[in-house]
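Subject: Structure for you to look at

Hello,

Here is the structure I said I would pass on. Please open it beside this message and find each residue as it comes up.

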Amino acid sequence: MISSDVIRGYNDTFLLSLLNQGDSYGYELSRQIKEKTDGDYIIKETTMYSAFTRLSKKGYIISYPGTVTQGKKRTYYSITLEGKMHLKEKQEEWHITREVVDHLVKGEDK
Amino acid sequence: MNTIREYIEQMFKGVPMNDETKQLKVDILANLEDKYLALKEGGASENEAIGVVIAEFGDIDELLEEFGVSRMNKKVATQYTTMREADLARFVESKARMGLNIGFGVLACLSGIAFLLLLLAFQAMIPGALYLGLLLMVTSTVIGIGLFIIEGMKAKEMRPFYSPFVIMPIDKESIQDEQDNYKQSFIFSIVAGVSLCIMSLTPVLMGALTPMIPVLVGVAFMLILIGVGVIFFTYSGNIWSAYGIILTNGKYSDTIEEEAAKDERNKKVNYILEEIYWPIIVVFYLVFSFLQGAWAWSWIIFILAGALESTIKSLSGNWEN
């Protein structure tokens, strides 16, 4: 499992990216993260809700009470237009970051 | 399943509850339960499932920091009550009702006298007017005093708000907003109350200076107008002061101990000022004025004493820093 220190700065982007594919709620999102990474990264419950709070404050997502499923009323999250714009910036930033890290971490000459 | 619930209860112990944190707790619990059920379905044992769920919970303080709240230490949590949104709303509501009832109580007492005066004014036409008037007066007074007593007893329930209590930052902000929004109504009510009191002189003057109505009727109407004016004062004044009390005594959990201690010290200074300083000033004023016959200008002492009072207050505040 990946250490959460390395990935800390990207939690918000993960969630935005998932929400960009459609509204969802807490457990579903953490399940998707786990599945998509084959269990290499598991987002901690408190990390996820810190991110929701931050994103809501910035206006990137909004929350609304969803319908009752399996006897529980869930809070759903939805990405806003600003959130989509922010996600785009972050995606571009990631391409550069990945290249930088690739170059420096790999340790092999090109 | 119960273990998870207990774990969450434990984690949220000491977290001040408001609508936001309450919802957070519900959401997190629902997620953990989903996770637990999924793990069980995947073939994990009870213990394994609980172990994974707890391991993946994380650090509650990280989350609370984001919410701008910190878990209160046990001492604060046990020593001070936490007032939530609903408690605050109820307090403002009871204060408003109290103001209204006290206002009506005053009106009842004043109208009692007004009834008596009205009946006395028409004594010649109504047989037994005096007794009927007295009866009406006693009845109204009883109603008025009854209202006072009821409100006096209810005031006990509000006592926790008169000493420092813990408030959530978000709740304090919304109370501040409510007070700001109420300001206009408050000013309107005070103006209305004052106008009614001033207007109340009209019927008296009409009675005294013109033959339109008997003086007693004029006085009776004056009392009723004053009574209605008082309702404006007590109702809006109580709502206004309810907000003020919340804003003064509602403290954030991380600074409540300091601030409560500071209030306690200020209380001492205020006590000295009110119980010792001002009486001395008043006695001095009276003695000096009598001996010197200086009534014309000796009132200046109150202005000087007022200025000195603010100096003392600010000095005592500075010493603390």
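What follows is a list of findings, taken topic by topic. Please keep in mind that this is a predicted model.

**Where the two chains meet**

The contact between the chains draws 23 residues from chain A and 21 residues from chain B. The size of an interface is often given as the accessible area lost when the parts come together. Here chain A and chain B bury about 1800 Å² between them, and 50% of that is on carbon and sulfur atoms. Three residues, A:Tyr27, A:Glu45 and A:Thr46, provide 34% of the area that chain A buries against chain B, which is more than any other three residues.

Between chain A and chain B, eleven residue pairs are in polar contact, counting pairs with both residues at pLDDT 80 or more. On the side of chain A that touches chain B, the elements giving two or more residues are α3, α4 and β3 of chain A. Of these, α4(A) gives the most, with nine residues.

**Salt bridges**

Side chains of opposite charge can pair when their charged atoms come close. Over all chains, the structure holds 13 salt bridges, and two salt bridges are found across the interface of chain A and chain B.

B:Lys35 forms a salt bridge with A:Glu45, with the closest N and O atoms 3.5 Å apart. This pair crosses between chains: B:Lys35 is in helix α2 of chain B, and A:Glu45 is in helix α4 of chain A. Are these two residues buried or exposed? Both B:Lys35 and A:Glu45 are buried.

A second example lies within chain A. A:Arg31 forms a salt bridge with A:Glu28, and the closest N and O atoms are 2.7 Å apart. Both residues, A:Arg31 and A:Glu28, sit in helix α3 of chain A, three residues apart, which is about one turn of the helix. A:Arg31 has 27% relative accessibility, so it counts as partly exposed.

B:Glu9 counts as partly exposed because its relative accessible area is 43%. Some salt bridges share partners, and in this way A:Glu28, A:Arg31 and A:Glu35 are joined into one network.

**The nonpolar cores**

Which residues have the most contacts inside the largest nonpolar core? They are A:Leu15, A:Tyr49, A:Phe52, B:Phe12, B:Ile28 and B:Phe57, in a core of 41 residues. In chain A, the elements that give two or more residues to this core are α2 (11-19), α3 (26-36), α4 (45-58) and β3 (72-79). In chain B, they are α1 (2-11), α2 (19-41), α3 (46-55) and α4 (60-67). The element that gives the most to this core is α2(B), with six residues.

To see one of these residues in its surroundings, look at A:Phe52. Not counting residues up to four places away in sequence, A:Phe52 touches A:Leu15, A:Gly26, A:Leu29, A:Ile61 and A:Tyr77. Apart from this core lies another, of 19 residues, including B:Met98, B:Tyr182, B:Ala242 and B:Ile246.

**A helix in chain B and a residue beside it**

Helix α7 of chain B covers residues 129-154, which is 26 residues. From its first C-alpha to its last, α7(B) reaches 37 Å, close to the 38 Å expected at 1.5 Å a residue. The buried residues of α7(B) are B:Ala129, B:Gly133, B:Ser140, B:Gly144, B:Leu147 and B:Glu151. These buried residues pack against α6 (85-121) of chain B.

B:Asn101 lies in helix α6 of chain B. Because its relative accessibility is 17%, B:Asn101 counts as buried; the cut-off for buried is under 20%. Leaving aside neighbours within four places in sequence, B:Asn101 is in contact with B:Leu147, B:Glu151 and B:Lys154.

**Two distances**

B:Asn101 and B:Asp254 are 153 residues apart in sequence and 38 Å apart in space, C-alpha to C-alpha. B:Arg265, in helix α11 (residues 256-292) of chain B, is 230 residues from B:Lys35 in sequence and 52 Å from B:Lys35 in space, C-alpha to C-alpha.

Regards

Technical notes:
Residues numbered from 1 in each chain as written. Chains lettered and ligands numbered in written order. Predicted model: local features only at pLDDT ≥ 70, side-chain atom pairs only at ≥ 80, totals over all residues. Heavy atoms only, no water. Core = buried A, V, L, I, M, F, W, Y, C linked by side-chain atoms within 4.5 Å. Buried < 20%, exposed > 50% of the residue type's maximum accessible area, 1.4 Å probe, protein only. Helix = DSSP H or I, 4+ residues; strand = E, 2+ residues; numbered from the N terminus. Contact = heavy atoms within 4.5 Å. Expected span 1.5 Å × (residues − 1). Buried area = accessible area lost by both parts, 1.4 Å probe. Salt bridge = Lys/Arg side-chain N within 4 Å of Asp/Glu carboxyl O. Polar contact = N/O pair within 3.5 Å; in protein donor to acceptor, adjacent residues only side chain to side chain.
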